[in-house]
Amino acid sequence: MTFDTKKLEELRAKYGEGHGGSIHDPEFRAVADRIFSASGTRSAPYAGVPTLLDAPLVHIDADNPDFGDLQVALIGVPMDLGVTNRPGSRFGPRALRTIERVGPYNHVLKTAPTFEVKVADIGDVPFRSRYRLEMSHDDIEAHFNKVVDAGVIPLSVGGDHSITHPILKAVGRDRPVGMIHIDAHCDTGGAYDLTKFHHGGPFRNAVLDGVLDPTRVIQIGIRGAAEYLWEFSFESGMTVIHAEEIGKMGIDAVIAKAREIVGDGPTYLSFDIDSLDPAYAPGTGTPEIGGLTSRQALDILHGLKGLNFVGGDVVEVAPQYDTTTNTAHAGAQMLFEILSLIRFSPALKG
């Protein structure tokens, strides 16, 4: 095969001048036009005030919030008083904010969600006490009630997984929601050490509070030595897919099962970073070997496009256990994927 000099001249004519934002494909050009200036410069990813997914920062008065025309609120929930072992996920929101290269374009779902959705980082939940777990849960519920009252979809970063219980109390207060839960642990355990509000039991609590419909819950990636604690998942009617079953079933079958279980009803998506094998995400309080690869997790999420998501979270990133920042990067990517899914949710107002 000879070198095509005519093709080379055509490429030189089309691409020899201009700049990195000189994109000809209409789909890609729509993204590039938002990022590049007319002269071909773009903001440095390491400059400016860091926010979740590099979304605009909007200061919300906690007492008299005005959400304007926001469709999605990115919210930090820096609280880890519910951990059973290693603390540190209180630093999760800050760690995800410092990840400088996630998005803006999702090539699989074909969206640039931070441009196509009215979304902002509205900061962190204001806590009255850094010491009192139950009070912190009350603060989370109160804050998220205001978000839900405004018709805004909450997308959160924890914090330990106990934060999802008060969030669900806000999101599911008018009708119980379904849930796609990706995790190493079912988190449906009972009370111990004088409280039921730890990170090993939020979904038992949510079901018993009537805000989570267990028949519309699927838990994906479950594994490890705590299996004996999860009988409530099976007794209540949740669907559990263990990590070792995923390879046997295949990703497409897992996706099909998830879509079947939640149907077209309102659905919450909770992603615990320990669902990933610690080879990919060691920075978490309860790592379990034998978990999902980051590729598997992305493939599962990509298969959920079009479901009726009314909220979501990424939890349990404890950055101090990972000097590489890989865990925080994985968490930020999963947050971006969930925002991309919300872009196609029937629940998105406007």
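1. Contact here means heavy atoms within 4.5 Å, and helices (H or I, at least four residues) and strands (E, at least two) are DSSP runs numbered from the N terminus. The structure is a predicted model, in which local features need pLDDT of at least 70 and side-chain atom pairs count only at pLDDT 80 or more, while totals for chains, interfaces and linings use all residues. Residues are numbered from 1 along each chain as its sequence is written, and side-chain values use heavy atoms, with hydrogens and water left out.

2. On confidence, pLDDT is the predictor's own score for each residue, from 0 to 100; the mean for the protein chain is 96, and 100% of its residues reach 70 or more.

3. The strands form an open sheet of eight, in the order β2-β1-β3-β8-β7-β4-β5-β6 and with parallel pairing, where two strands pair if DSSP finds at least two bridges between them. Because β2 (119-124) and β6 (239-242) each have a single partner strand, they stand at the edges, and one side of each is left without a neighbour in the sheet. Neighbouring strands of this sheet are turned by 15° against each other on average, direction ignored.

4. Strand β3 can be followed through its pairings on either side. Six bridges join β3 to the parallel strand β1 (residues 72-77), with serine 156 of β3 as the bridge partner of isoleucine 75. Three bridges join β3 (residues 153-158) to β8 (residues 309-315), again running parallel, and here leucine 155 has glycine 312 of β8 as its bridge partner. Six of the six residues of β3 are buried, that is, under 20% relative accessible area, with exposed meaning over 50% and partly exposed in between (1.4 Å probe, protein chains only). Ile153, Leu155 and Val157 point one way from the strand, whereas Pro154, Ser156 and Gly158 point the other way.

5. Helix α6 (residues 164-171) lies across β3, β4 (177-182), β5 (212-222), β7 (267-272) and β8, running at about 170° to β7. Helix α11 (residues 294-302) lies across β4, β5 and β7, and runs at about 175° to β7.

6. Within α6, which holds leucine 168, this residue is buried, with a relative accessible area of 0%. Leaving aside neighbours within four places in sequence, leucine 168 is in contact with Arg173, Val177, Phe203, Ala206, Val211, Leu212 and Tyr268.

7. Helix α11 also meets helix α12 (residues 326-342), the two axes coming within 10 Å and crossing at roughly 10°. That makes α11 roughly parallel to α12, since angles under 35 degrees count as roughly parallel, over 145 as roughly antiparallel, 65 to 115 as roughly perpendicular and the rest as oblique. The contact is made by Ser294, Ala297, Leu298, Leu301 and His302 of α11 and by Gln333, Met334, Glu337 and Leu341 of α12.

8. The buried residues of α11 are Ala297, Leu298, Ile300, Leu301 and His302, and what covers them includes β4, β5, α10 (251-262), β7 and α12.

Technical notes
Axes fitted to C-alpha atoms, helices over the stretch in contact; angles between N-to-C directions.
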